[in-house]
Amino acid sequence: MSGAATAGSSVKERAKLALNDEFLRKAVKFTTERLRNGKKAASEQHGHWDEWRERGRQIRLHTIAHLDYYLNLFADNARKNGVHIHFADTGAEAVKIALEIARRVQAKTVVKSKSMVTEELHLNHALDSIGVEAIETDLGEYIIQLAGEMPSHIVIPAIHKNRYQIAELLSADAGETLSPDTTVLAGYVRKKLREKFLEADIGMTGCNFAIAETGSMVLFENEGNARMVSTLPKTQITLMGMERIVPSWADLEVMATLLPRSATGQKLTVYLSGITGPRRETDADGPEEMHIIIVDNGRSLQLGDPEFQELLNCIRCGACLNACPVYRHIGGHAYGGTYSGPIGAVLTPALKKNVAEWDDIANASSLCGACYEACPVKIPLHEMLIYLRRRKVEAGRGNALESAGMKGFAAVMGNAKRYKAALKLGRIGQKLVVRDGGIRAKLGPLKGWNTYRVAPSLAKETFRERWDTLEQEIRAGLREMDPDMKERMERLARERAEGKGGHGHG
Amino acid sequence: MKVSMMITCLSDALYPRVGEAMVRLLARYGVRLAFPQTQTCCGQPAFNSGYWEEARTSAKTILEAFEDSDFVISPSGSCTGMIHHYPKLFENDPVWLPKAQALQRKSYEFTQFLVQVLGVKDVGAVFPHKVTYHPSCHGSRLLGVKDEPMELMRHIKGLEFVPLPFAEDCCGFGGTFAVKMPDISGAMVTEKGDHVVETEAEVLVGLDMACLMNIAGNLRYRGEKVRVMHLAELLEEGVKGA
């Protein structure tokens, strides 16, 4: 929870810290570029990307619309496989269940594979509070844990650090100087973790997808650590958000096509594990006891909310972060929550159902839509950001100055005469500050703008003031329209009138 | 057939030359644009900030102004994109919702109209300069206007096209975003400016004056001499010079 980049009370202040951190900006740019180029290449190579995005979206829409049914089906089947299923309404409840299991099996250490839900629950701190050591075994998570920070990316937790910073952290951990060579650094962590895997009492995992028809859980990973976590310790605890369900293995095929390509540009991750219950007699390895804790923690608040239900379709690939031009400059910690980037900017307030407290995150977007374009299940995040802003205003929690400004906007823009009068006033007013056709003075609302730009001045004559002259000129020289064009325009207008033509949202 | 110009408040007040270029260019094809004087702003600044009541007040001037038009054309993909949000904005209003839906169906961004409706790909322009292009987010992503400007530019004689690195990245304008988050917006426009300079283009062209105002402001701030134009201006200048 600490670390310089998480300080500051507003997204604006936190972003400023990040913007002044050249290391962070370089590291984030470097890796997000690599990931988004990888995704672009993989989706082009796939050949039918948009059709598969739509398939993925339909599967997610269907599952979430019938979530109660599929959750029950999953729980029933998992229980038949010998899994202990727990439902947790709140984060606190989920933590309590996990701690009870840890106490009962008298655990001293827990090895963990990467899990955003456990980050959301701050489970490591909770385990620490009862004297259980939690060890992150994903390389990025291990680095973040050493630094005492939170992940700054859903898929690449240490994206904001370069290899020199990582070498420093790992050298301190090793008690010797390690060279900033990625093979050396990964080699050190691998060796160190090997012992931890062997001595751990509990293996804790997240869950990419849960398959309702067989009660199985599925993990996508590249380092093999999740496989170690789920086979070596005697007890396995899996934490999953309640929306991680897909109905069948056939549906997983679509998700397995979308997730790795969107996340890293891989056709498939190096490891893909499907786990159906604890170790059976014929199995060579696996846990003797297996628990799955299904976490709500604000998720069900989105069910039945037409503007936000699609949030539950998210498959946590991180593509929206990699595509986001804001994330590119400020990294993940500036968002101030467990989840960062465009998905975090919407998910954090939605899960908390507290628009007032989290509003400034929704403002940290230019609404460019790159997130929506990148999303493998087409979640309209750019629209949800606007809905969040609107809900805040509707709740009477808008910024007072902005509210007054918007009332003024409506008064001026609600009537063309007032609009024209306002422009005239503006033209008189700007005489004080315009030099050479531009405004450079850093005053009032122009301060931020003019720190990076020169503001334009109002034209001497508006378009509407020039219209009469322009129209006379045009009328004098107007040409005859090509009959084909005329025909096409008439046809379009006709089709529209018949309810056929026109064009919808792109 | 009534074809009307939705000038957008920004081009009306700051860049009337863009509207003029559009009017002149379309007149060459026999399109006589009408300009309903009661239009003001599409309401996007209020809509995007969450002030939908205020947005509706402004949007109604647009809905009324263009009610009797058959085609509505605008020099901005973003403001045309806002028209596409009208059905959502008026979803609970039985009187205004049908008007909103009707306007959405007949609204076009300038190059969309030129290429898709009129079927024009070659305006016969000559423009012997090195040009780069910034595809604005709302036009390209929300309206899907991607090929039209490229098609038009491909046919301009003498034009040397240089691709803009990271072209599809937002310039950082985002309306009130630039005011509320000035440092993030500033970092974004500075990077966009860097990329424009990198191309060594003489001209930066685009389809949205809000984004171009942002980028031009940054280029001017750093003393760069790149000329910034709307594609309508470039086409009209190129036709005149042909």
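**Exercise 1. In what order do the six strands of the open sheet in chain A stand?**

Start with the ground rules: this is a predicted model, where local features need pLDDT of at least 70, side-chain atom pairs count only at pLDDT 80 or more, and totals for chains, interfaces and linings use all residues. Residues are numbered from 1 along each chain as its sequence is written, while chains are lettered from A and ligands numbered from 1 in the order in which they are written.

Step 1: read off the order, E1-E10-E7-E4-E2-E3, with parallel pairing. Strands here are DSSP runs (E, at least two residues), numbered from the N terminus, and two of them pair if DSSP finds at least two bridges between them.

Step 2: look at the edges. E1 (84–88) and E3 (133–136) of chain A each have a single partner strand, so one side of each lacks a neighbour in the sheet.

Step 3: zoom in on one pair. E1(A) and E10 (residues 289–295) of chain A run parallel over five bridges, and A:His86 sits opposite A:Ile293 in E10(A).

**Exercise 2. Work out how chain A meets chain B.**

Step 1: count the contacts. 69 residues of chain A touch 69 residues of chain B, a contact being two C-beta atoms, placed from the backbone, within 7 Å.

Step 2: sort the chain A side. That gives 36 nonpolar (Ala, Val, Leu, Ile, Met, Phe, Trp, Tyr, Cys and Pro), 15 polar (the others, Gly among them) and 18 charged residues (Asp, Glu, Lys and Arg).

**Exercise 3. Find the box that chain B fills.**

Solution: taken along the principal axes, the C-alpha atoms of chain B fill roughly 55 × 45 × 25 Å.

Terms used: Helices (H or I, at least four residues) and strands (E, at least two) are DSSP runs, numbered from the N terminus.
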